[in-house]
Amino acid sequence: MSTAAVTDKRPNTLRAASLPRWTPWAIAAGSLALGIGISLAAGLDSEIQWGLIAAVLFVLGTFGIAARVEGRRQAKDRVATSLVWVAFLLAVVPLVSLIWVTAARGAKVLDVYFLTHSMGVVADTEPGGGIYHAIIGSLEQVGLATLIGAPIGVLTAIYLVEYGRGRLAQAVTFFVDVMTGIPSIVAGLFILSLMLIFDMQPFGFAGSLALAILMMPVVVRSTEEMLKLVPNELREASLALGVPKWRTILKVVLPTSIGGITTGIMLAVARIAGETAPVLLLVFGNPFINDNPFEGAQASLPLYIYQQFANSAGSGAAYDRAWAASLTLIAFVMILNLVARGIARWKAPR
């Protein structure tokens, strides 16, 4: 027998041992069963505690089994992957639970009648009524805030990226960063102070002004990042052809980044759609339909939810209306996010 034949029959010692692909699932199932057993033995009746114990056992079990079979180096890699999965589940489980509870409780009264009628003369503790007045108020207030905040935010971002130099640009950037972190109640108090100076009563447009203040820094930051992603070669090619800079921005830079800009605006709209504090101070709430945002108090979905919980006095009908309004608001925000993703994919550069 030749030496080559003998060599071919030798085992390949360079290949390290590895666990099967189903090992993480087996460890997860075993950790879950063991965690439930330990929790029941210890008298723990919270499912959250069961899950946390199972997560700890999953990480420890993964490290122990992987270290014994694959070595400590590969075991550390598997532990890092396990921690990522545990963190993902810890983030997803509350979100899924929130959506599930909201959908289950909100579906009790969410129907066509609920969406097409206002509270009117219905007391908060009585059954009946709807959210039509709140939907109109939210759409008008958020729409006006978008018409004010989006153009200002986009133009500010264009200045910072295309023209901004020196101390003025640094000051604008600093104040945008400060405005990003201000609480919503501060924006409401600012507009309220102006209303007190001019002796004005609550009305929907005042809430729109506060929401626009909260929206502008988000639009500025997102638009600024999108404009920075546009290659400078496109700008230089346009300028080399003798095209003015303003026209280059209008015809080259903005069309290239319009998908990301639109996504940022939609996300900013989704963010201000759920604000309650400035609306509570400036719009004040109205159980009747008021489709004029420039005169009289108005309702909005976040304010409606707050009032139903605050003024329910233990009434089940008020709680049901609040959960149904919460489900409607979640659906509204979800639709905005889906529209933003669709526009971003449609307008993405080929």
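## The largest cavity

In this predicted model, the largest cavity is lined by Ser138, Gln141, Val142, Leu211, Ile272, Ala273, Glu275, Val279, Ser300 and Pro302. The space inside the largest cavity comes to about 50 Å³. The count of cavities of 30 Å³ or more is 1.

Helix H6, which covers residues 132–163, gives the most to this lining, with 3 residues. Sorted by class, the lining of the largest cavity holds 6 nonpolar residues, 3 polar ones and 1 charged one.

## Ser138, a residue of the cavity lining

Ser138 is among the residues that line the largest cavity, and its place is in helix H6. Is Ser138 buried or exposed? Its relative accessible area is 10%, so Ser138 counts as buried, the cut-off for that class being under 20%.

Leaving aside residues up to four places away in sequence, Ser138 touches Gly143, Ala299, Ser300, Leu301 and Pro302. Ser300 and Pro302, two of these contacts, also belong to the lining of the largest cavity.

## Helices H6 and H9

Helix H6 also packs against helix H9, which spans residues 204–228: the two axes come within 6 Å. They cross at roughly 35°, and the crossing of H6 with H9 is right-handed. The contact of these two helices is made up of 20 nonpolar, 8 polar and 3 charged residues.

## The largest pocket

The largest pocket holds about 990 Å³ of space. Its lining has 31 residues, and those closest to the centre of the pocket are Ala55, Phe58, Trp85, Val86 and Leu89.

Which helix gives the largest share of the lining of the largest pocket? That is H4, with 11 residues. By class, the pocket lining comprises 19 nonpolar, 8 polar and 4 charged residues.

In sequence, Gly37 and Leu139 are 102 residues apart. In space, their C-alpha atoms are 51 Å apart.

## Two loop residues with positive phi

Asp199 is not a glycine, yet it has a positive phi of about 55°. Where does Asp199 lie? It is found in the loop between helix H8 (184–197) and H9. Asp199 has a relative accessible area of 65% and is therefore exposed, as the cut-off for that class is over 50%.

Phe284 is likewise not a glycine and has a positive phi, here about 80°. Phe284 sits in the loop between helix H12 (277–282) and helix H13 (301–310). At 56% relative accessibility, Phe284 counts as exposed.

Key
Residues are numbered from 1 along each chain as its sequence is written. This is a predicted model: local features need pLDDT of at least 70, side-chain atom pairs count only at pLDDT 80 or more; totals for chains, interfaces and linings use all residues. Side-chain values use heavy atoms; hydrogens and water are left out. On a 1 Å grid over the protein atoms alone, a cavity is a set of points where a 1.4 Å probe fits but cannot get out, and a pocket is an open set with protein on both sides within 12 Å along at least five of seven lines; lining residues have an atom within 4 Å of a point. Grid points are joined across faces, edges and corners, and a volume is the space filled by probe spheres set on the points. Helices (H or I, at least four residues) and strands (E, at least two) are DSSP runs, numbered from the N terminus. Ala, Val, Leu, Ile, Met, Phe, Trp, Tyr, Cys and Pro count as nonpolar, Asp, Glu, Lys and Arg as charged, and the others, Gly among them, as polar. Axes are lines fitted to C-alpha atoms, for helices over the stretch in contact, and angles run from 0 to 180 degrees between N-to-C directions. A crossing is left-handed if the near helix is turned anticlockwise from the far one by less than a right angle, and right-handed if clockwise. Buried means under 20% relative accessible area, exposed over 50%, partly exposed in between (1.4 Å probe, protein chains only). Contact means heavy atoms within 4.5 Å.
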